[in-house]
Amino acid sequence: RAGRKIDAIKLLREHRNIGLKQAKEIVDRYIRDNPEAVPAIQKTSSGNGLVLLIIIAAAGYLIYKYAM
């Protein structure tokens with residue numbers, strides 16, 4: 001419920017003694033079937049990651065361009 005997907009997968013694997021793929025599928029299915037249980041921050045994090053990647057790439061380009 002706190003939006004910590006990786007922790008949920010780890011706990012599920014420990015308690016049910018199942019593989020990583022199966023645990024991930026169960027957690028993903030739970031998130032899909034219960035969208036109200038997932039915090040809004042996690043739902044928009046993929047877009048934030050793209051913005052961060054673009055900023056890092058632009059900064060790297062500027063450093064490379066002006067360092068030469």
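Two packed helices are described by the angle between their axes and the distance between the axes. In the predicted model, helix 1 spans residues 5–16 and helix 2 spans residues 20–33, and their axes come within 9 Å and cross at roughly 125 degrees. Since angles from 65 to 115 degrees count as roughly perpendicular and those over 145 as roughly antiparallel, helix 1 and helix 2 are therefore oblique to each other. The crossing in which helix 1 passes helix 2 is right-handed. On the side of helix 1, the contact is made by Lys 5, Ala 8, Ile 9, Leu 12, Arg 13 and Arg 16, while helix 2 contributes Leu 20, Ala 23, Lys 24, Ile 26, Val 27, Asp 28 and Ile 31.

Side chains of opposite charge can pair when their charged atoms come close. The count of salt bridges in the model comes to 3, and one of them is formed by Lys 5 with Asp 28, whose closest N and O atoms are 2.6 Å apart. Because Lys 5 lies in helix 1 and Asp 28 in helix 2, this pair ties together parts that are 23 residues apart in sequence. Both Lys 5 and Asp 28 also belong to the contact between the two helices.

Key
Residues are numbered from 1 along each chain as its sequence is written. This is a predicted model: local features need pLDDT of at least 70, side-chain atom pairs count only at pLDDT 80 or more; totals for chains, interfaces and linings use all residues. Side-chain values use heavy atoms; hydrogens and water are left out. Axes are lines fitted to C-alpha atoms, for helices over the stretch in contact, and angles run from 0 to 180 degrees between N-to-C directions. Helices (H or I, at least four residues) and strands (E, at least two) are DSSP runs, numbered from the N terminus. Angles under 35 degrees count as roughly parallel, over 145 as roughly antiparallel, 65 to 115 as roughly perpendicular and the rest as oblique. A crossing is left-handed if the near helix is turned anticlockwise from the far one by less than a right angle, and right-handed if clockwise. Contact means heavy atoms within 4.5 Å. A salt bridge is a side-chain nitrogen of Lys or Arg within 4 Å of a carboxyl oxygen of Asp or Glu.
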